[in-house]
Each structure stands twice: as structure tokens, then as C-alpha cells.
Amino acid sequence: MIRATPSLHVSRRSAMQIGLGATLASATGVVPVSPAFAKDDIKDEDIFRFALNLEYMEAEYYLRGTTGKGIDDSDAGSKPGDVVGGKKVPFETPALAEFLREVAENELAHVRFYRKTLASNAVDRPAIDFGAGFAAVSKAAGLGADFDPFGNQMNFLLGGMLFEDVGVTAYAGAATVLKNKEFLAAAAGILAVEAYHMGMARSSLYRMGEKAWKAANAISDARDKIDGPEDKDQGIRVDGKANFVPSTPDAIAFTRTPQEVLRIVYLTDQSGVSKGGFYPNGMNGALKST
């Protein structure tokens, strides 16, 4: 489903963008640097290393929420960064706990796939800070100072939505630059898995009622304010109806560039930023600047 009034949405975002950028920069300590390099310089391995950084964060999030502990040292690289935050979620719905445990296993499998495929060129797990990241997100989205993504199953799905929706668009964007057909096939397969995850999360949140609708849409709006000038994000309820599939008017998943993705995970609306938000020291690899 597409938004009915995109021009109004863009105007609202333009009016708020400066204030939001200042808020997030203050909350996360982002540091501007020069852009990494031109699009023509991006190699397939750079895209896979970029994806591995994201998969580390997703695996840590879901593993900690479903098992109480994160990635084993053997899967994190020789000099991994520290991970701050995360605890086992007190699930109320057994089926949902099973769904999310499967998601955790999938994300860990993705980490292992990228590490195996990249071999000695794989990057180590970067430092990840769920505490600072979600504190800034909850402030920007108006979720309240006491928002804890690991506090209950609804919050855990909301936190996962922040990553998974972005992951789908990032993999769709990778299809425009990957040259190796085997790499492209793998990225397409992983995109499908991430989309299954997000379909489950968005539908589960929708069934939780109005409180979940409003929180999910607030997260969507917060992402939309910082990822760039286009109005491409979509909440789970639009024009009084369920918005199960965020897509273009042709029902195609929209794309994000690495820089747009980095704006979201660094929680900044500024160009030339190399760290912040969920990645206090930045991502590892060549693609690390907004």
C-alpha cells in the first residue's frame, strides 16, 4: 500500500529534519567525516562486508532476546567489538517466542554464511550499543523514556521492525550494484528470508491493536525523517487500513543505498557521518560513511 498524501509527508519531514538531526546527534555523538567513495568503486565484497555488519546486529538482537546471550566468540571474528544491552524477553505468546527463535537462528546462519563466503576478508563484529541506539530511537519516535525493546514481546517486535524493514530495502538496493551472479543469488535469497521475518513481525504487531499501530508508525516516521529526501518508509497502518507490505505502487519492495541505511543505524540525517547510534565506533569495512 502507498501513502495517499506523499507531498504532505515530505513537507512535514522537511520542517522537522533540522531539529531531529540535532536531537539524534546530541543523543548519539555522531562524528562527520568525508564520504567513503563513489558508487563506481563499490565491490561485491564491500557489499557483503556491509551486510555482515548488519547481520551481526540482527543476530545479536534476536539471540539476546530469545536466549539471553549473544553470538559465540567463534562467530564474531578475532577482535570483535563489545555489545551493550539485551536480555531475554518475557514472552507471553509461546508461538511468537518460537517464531522469533527461528528468526534468531536465521540471522546467526546469515552471519556464518557471510563469514564463510568472505573467508579471510570477513570483518569482525563491530561494537554495538543497543542501549544508546534505542534510547535515541524512542526519543525521536516519542515512545517514552522508559521504552525497553527487551521488556515485552510487543516492544521486541518493534525493535526488530527498525532493523528488518531496513534490511529488506538494503538487500533490494544491493541488487542494483552486485556484479557476481552467485553473490546476487545469495543476496536475493537472504532478502526473501528477511522479508518473511518482517511480514511475520508487521502482521503480529498489527494484531496487537492500536498501541502497536501507533508505535510502529512512529518508528517508520522517525526512519523516514533521517534516511534521505525521499518519502519511502511506510508504517503498518495507512489511511485506516492494514499496511502489511511496504512497497512501491507496483507492489515492488523499494530500495535503499548503503548511505541511506547508515543514516538509520547511525541515527543521523547528516552526510559524511562515520559512527553513532547503534554502532558507536562505526561499521567495519569500506562502506561506513553516510
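1. The chain has 8 helices and 4 strands; helices are DSSP runs of H or I with at least four residues, strands runs of E with at least two, numbered from the N terminus. From the N terminus on, the order is α-α-β-α-β-α-α-α-α-β-β-α.

2. This is a predicted model: local features need pLDDT of at least 70, side-chain atom pairs count only at pLDDT 80 or more, and totals for chains, interfaces and linings use all residues. Residues are numbered from 1 along each chain as its sequence is written, and side-chain values use heavy atoms, with hydrogens and water left out.

3. Of the chain's 290 residues, 54% count as buried (under 20% relative accessible area, 1.4 Å probe, protein chains only). The chain exposes about 12600 Å² (Shrake-Rupley method, 1.4 Å probe). Carbon and sulfur atoms supply 55% of that area.

4. Take contacts (heavy atoms within 4.5 Å) between residues at least 6 apart in sequence: 77% of them join residues at least 24 apart.

5. How do H2 and H6 cross? The axes of H2 (residues 44-67) and H6 (residues 181-207) come within 12 Å and cross at roughly 25°. Axes are lines fitted to C-alpha atoms over the stretch in contact, and angles run from 0 to 180 degrees between N-to-C directions. H2 and H6 are therefore roughly parallel to each other (angles under 35 degrees).

6. Which residues meet there? Asp44, Glu45, Phe48, Glu55 and Glu58 of H2 meet Phe183, Ala186, Ile190 and Glu194 of H6. By class, this contact has 4 nonpolar, no polar and 5 charged residues.

Terms used. Angles under 35 degrees count as roughly parallel, over 145 as roughly antiparallel, 65 to 115 as roughly perpendicular and the rest as oblique. Ala, Val, Leu, Ile, Met, Phe, Trp, Tyr, Cys and Pro count as nonpolar, Asp, Glu, Lys and Arg as charged, and the others, Gly among them, as polar. Buried means under 20% relative accessible area, exposed over 50%, partly exposed in between (1.4 Å probe, protein chains only).
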